[in-house]
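Me: Please take a close look at one part of this predicted model. Walk me through how its pieces pair up, then move on to where the chains meet.

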Amino acid sequence: MQRIKETLTHWLQSGQVDRVLGWKEGDMPGLREPAFFENAEELKSLCYDAFCGPNLSKFLIAAGEKDGVTAVVLKPCDSYSLNELIRENRVQRDRVKILAVPCEGNIDPRVFENRGVLSVSIEGDQLHLTTLYGEENEPLARCFLERCTVCRGGRHAVYDELLCPEAEETPQKGDRFEAVRELEEKSEEERYAFWQETFSRCIRCNACRNACPACNCRECVFDGAALDSRQKAAAVPFEESLFHIVRAYHVTGRCTDCGECSRVCPSHIPLHLLNRKMILDINTLYGPYQAGDSDKGRSPLTDYTPDDCEPNQGKGA
Amino acid sequence: MPKIGVFVCHCGSNIAGTVDVEKVAAAARTIPGVVVACDYRYMCSEAGQETITKAIREYGLDGVVVCSCSPRMHEATFRRAAEREGLNPYMVEIANIREQCSWIHKNREEATEKAIVLMRAAVAKVKRDTPLTAGRSGVTRRALVIGGGIAGLSTALDVANAGYEVDIVEKEPTIGGKMAQLDKTFPTLDCSACILTPKMVEAAQNENINLYTYSEVEKVSGYVGNFTVTIRKKARFVREDRCTGCGACMEKCPSRKAKNEFNCGLNTRSAIYIPFAQAIPNVAVIDAQHCLKLQTGKCGVCEKVCAAGAIDYTQQDELIQREYGAIVAATGFQPIRPYQFGEYGYGRYPDVITSLELERLMNAAGPTDGELRCPSDGRKPKNIVFIQCVGSRGQTCRDKSYCSKICCMYTAKHAMLIRDHWPDMDVHVFYIDVRTPGKNFDEFYRRAAEEYQVDYRKGQVGKIYEEDGHLMVQGSDLLEDRQVLMPADLVVLAVAVEPSPDARKLATMLTASMDNNDFFTEAHPKLRPVESPTAGIFLSGMCQGPKDIPETVSQAGAAAAKVIGLLSKKELTANPCTAHPEEVRCNGCGECEKVCPYGAISYEEKELRVMGRREKRRVAVVNTALCQGCGACTVACPSGVMDLQGFSNRQILAEVDAICR
Ligand SMILES: Cc1cc2nc3c(=O)[nH]c(=O)nc-3n(C[C@H](O)[C@H](O)[C@H](O)COP(=O)(O)OP(=O)(O)OC[C@H]3O[C@@H](n4cnc5c(N)ncnc54)[C@H](O)[C@@H]3O)c2cc1C
Ligand code: SF4
Ligand code: SF4
């Protein structure tokens with residue numbers, strides 16, 4: 001933490017950057033929120049720990065509208081999102097300076113949701129909660145976000161300075177497609193029932209869309225009048241499903257699987273399953289592809305090679 | 001509300017036989033905005049068009065829907081009619097109720113219901129049509145012919161003689177194609193080289209023709225009248241401007257084990273070679289795979305013996321960019337290698353050969369100097385068995401489903417020539433049918449069978465095996481209704497033809513369509529047989545389907561006429577249905593440029609007014625002269641910002657809505 005602040009203070013003071021994008025303490029215990037810091041004094045409130053879940057890369061689109069260079073603190077998985085935004089010309093590479101920080105996993109706030117927490121902290125291998133009702137402990141290993149249980153590893157896809165080079169080698173964990181495969185095994189009726197039930201919990205708060213770095217249109221089709229889609233979506237009983245299906249297609253090939261959608265959903269809808277199904281299909285049909293791996297080139301869906309698979313070659317969705 | 005007229009065509013009984021046209025018209029009348037709807041026997045006839053123009057006049061129509069055949073057939077007709085009456089031609093929509101409805105349905109009720117749905121969709125679309133104005137674009141007065149076989153040469157000569165420049169790109173070191181390998185040609189039995197060579201020379205000497213041999217098309221962009229093509233001129237390692245074709249290098253080259261392609265691999269050649277005596281250009285080429293100098297760095301003999309100083313081991317492939325108004329595909333064919341027919345033992349028994357190999361064995365310039373010899377031991381054959389239709393007309397996955405068309409005739413030719421030169425040889429032909437439609441063709445076959453006593457047997461060969469060093473052919477004779485077993489010194493397989501293996505890659509570059517067998521498809525099998533459905537791309541020769549030389553040359557001439565027709569135009573009507581981004585919502589992500597096959601999209605920093613604020617940012621810009629309206633960008637744009645005039649997202653969704661209602 002100390003080194004992060006030192007580096008950033010130095011960048012600010014030496015004029016290399018005009019502002020810093022990082023996290024500060026949120027309004028509630030155990031929550032951190034994205035924040036801009038303009039000077040050394042403000043930087044004092046910057047924090048970085050296992051509670052810093054939010055992916056900061058999307059805020060760089062807005063930062064790009066201001067002059068100068070913005071420094072950003074990036075966890076490994078967030079760096080893929082930023083790289084994808086650079087590939088899509090949404091963020092200019094020379095307008096950001098990236099401090100790559102290692103990550104040991106983010107705490108899932110759901111663990112202490114509805115428990116009247118006053119404060120949370122990590123004590124050894126326990127998550128320690130002080131609640132209205134007293135002191136409680138949760139084994140830390142069970143407190144991580146789903147995305148961290150299938151972490152892609154410590155590598156940053158893009159950075160200017162590595163805080164901790166050895167952490168880049170941290171290997172990948174688990175199989176992120178396991179849950180998708182389990183769903184694929186189910187019958188069509190079972191899958192339909194699963195998604196209907198799941199999506200019926202959606203309250204259309206748009207949190208997923210707002211957090212998603214790939215959802216960065218200037219005007220969302222669900223808001224705009226351009227295609228009459230606003231009314232249309234609302235006119236059918238299938239609305240929530242439609243919203244999520246359209247969104248999944250919208251980000252296909254561009255979704256880096258950063259997991260923000262599932263993290264921010266107040267209804268705990270496992271949106272990552274939908275995105276991972278698309279990723280898995282792309283991998284099977286066009287060969288392994290990781291969006292955000294590179295800031296150049298084409299995603300498999302906007303690329304064509306004569307030996308691409310034929311339309312009906314894929315297996316049933 | 002715009003005033004719409006709906007006109008339902010019977011197309012004789014083509015549509016009216018399956019679709020209740022009156023009911024379609026009646027259904028149209030119930031749609032808000034439709035002020036007139038009627039049916040007529042032939043809408044495309046003069047009287048039919050008159051019905052439309054009269055209605056435009058009387059009702060002051062803003063839009064017209066014609067329910068008829070495919071827009072490919074008559075969209076232009078109806079647009080012209082509307083234009084004559086002062087209505088913008090792009091305010092006309094076609095509902096295809098023939099190809100997409102009446103022709104494919106049998107049940108009258110269902111077909112009628114579908115026709116009504118298609119009509120409704122077209123009405124929904126026409127209501128959102130906006131008048132469009134077509135621009136104009138110029139024409140580059142030069143044609144590209146891909147493939148220098150007899151087809152490509154004939155087309156090129158015809159176009160060049162009409163006064164236009166033509167480039168020929170040939171992937172082999174010489175022009176000539178398969179015809180150069182043939183000995184004599186049916187039905188007149190004139191020597192193939194004698195009639196082909198003058199054409200090759202004529203092409204080389206024609207000042208309007210530019211030859212790019214040992215070259216391939218690497219990239220194609222642009223559109224009818226304005227193609228840009230990148231040609232890869234492969235390194236020959238011999239300077240074309242210096243080589244005199246003396247052949248000294250070929251004699252001295254120590255690497256002599258390369259298979260001689262021109263002789264179908266029946267003998268070998270040196271690493272540096274000229275494919276055959278009459279090759280054009282008469283320039284050597286080094287086969288890098290077999291060249292000792294290029295492989296190991298040691299040798300350099302050819303450089304020493306070349307008096308002209310033409311050898312250059314450092315030569316690199318050269319990329320050349322050229323502009324063309326029209327492109328002709330003339331990539332020809334190849335005979336299949338019949339390894340999959342294990343029962344015939346091709347590849348296992350050296351004395352089982354293909355017909356093209358036989359052409360080389362009978363050719364005076366071939367590996368045996370024209371003396372027919374068995375490849376195994378060089379003995380003179382006594383019994384020769386021909387098997388027709390190997391790999392053609394089959395029903396299994398090893399066969400082609402089509403008839404290769406030329407094999408009956410060239411087998412008759414081979415049989416006749418053998419009996420003529422070597423009357424002591426016995427010739428047997430196994431056939432399924434003998435097909436000889438063509439001028440003087442049946443007479444030709446009968447001469448072989450009757451005058452030259454070739455033993456024609458209706459039936460197929462089941463097996464060829466070796467017994468005591470002799471090949472035995474076991475087959476059936478359907479007319480005598482019995483199995484036959486005969487010894488053979490030489491077995492000749494008349495194998496199926498297939499398109500050149502690179503044709504598909506080329507078709508993709510040209511965005512020209514192909515059939516399941518990889519033959520190029522024509523725009524209309526009867527009425528536009530030498531045009532590809534892609535504007536500006538024409539078809540010549542075997543690449544479009546099996547043909548003999550007379551047919552190839554006629555088709556080549558027809559393709560030339562089409563090319564000349566195009567190149568003689570001063571300008572072309574451009575397509576007004578182009579894409580345009582809604583700048584305010586474009587975020588400049590760059591996806592659209594990646595998918596545009598015509599390179600029509602670029603990005604610009606533009607100053608925009610967004611909600612009263614000025615801001616400068618990167619947005620997509622479409623060059624409407626290049627845009628072909630394919631619509632790829634409209635679906636690639638993640639923000640739905642790209643839209644196509646005449647096929648806007650709104651219109652398409654309105655159509656979908658109308659269908660789903
Ligand atoms: C054994 C046999 C005997 C025959 N005998 C007779 C006969 O007696 N009488 C008769 O009328 N017909 C005969 N034919 C048919 C005749 O050979 C064809 O009709 C004729 O050759 C077709 O000409 P083409 O130019 O279309 O194709 P091709 O001769 O195949 O020429 C195509 C040319 O295109 C080139 N090419 C291919 N792909 C590319 C590419 N991607 N880029 C650049 N260049 C390319 C090839 O190298 C070739 O030079 C015979 C055929 C066979 C197999
Ligand atoms: S419609 Fe779009 S992709 Fe197609 S040619 Fe025009 S600009 Fe290019
Ligand atoms: S794809 Fe759409 S948003 Fe992206 S640059 Fe093209 S028009 Fe703009």
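Reply: Start with B:Glu467. Its bridge partner is B:His470, which lies in β25 of chain B. Now widen the view to the strands. Six bridges join β24(B) to β25(B). β25 covers residues 470-477, and the two strands run antiparallel.

Now turn to the place where the chains meet. Chain A brings 19 residues to the contact, and chain B brings 21 residues. Between them, chain A and chain B bury about 1800 Å². Carbon and sulfur atoms account for 51% of that area.

Charges also meet here. Three salt bridges are found across the interface of chain A and chain B. One of them links B:Arg585 to A:Glu219. The closest N and O atoms of that pair are 3.9 Å apart, and the cut-off for a salt bridge is 4 Å. What kinds of residues make up the side of chain A that touches chain B? Nine are charged, five are polar and five are nonpolar. Polar contacts cross the interface too. Six residue pairs are found in polar contact, both residues at pLDDT 80 or more.

Note on methods: Residues numbered from 1 in each chain as written. Chains lettered and ligands numbered in written order. Predicted model: local features only at pLDDT ≥ 70, side-chain atom pairs only at ≥ 80, totals over all residues. Heavy atoms only, no water. Pairing = 2+ DSSP bridges. Helix = DSSP H or I, 4+ residues; strand = E, 2+ residues; numbered from the N terminus. Contact = heavy atoms within 4.5 Å. Buried area = accessible area lost by both parts, 1.4 Å probe. Salt bridge = Lys/Arg side-chain N within 4 Å of Asp/Glu carboxyl O. Polar contact = N/O pair within 3.5 Å; in protein donor to acceptor, adjacent residues only side chain to side chain. Nonpolar A, V, L, I, M, F, W, Y, C, P; charged D, E, K, R; others polar.
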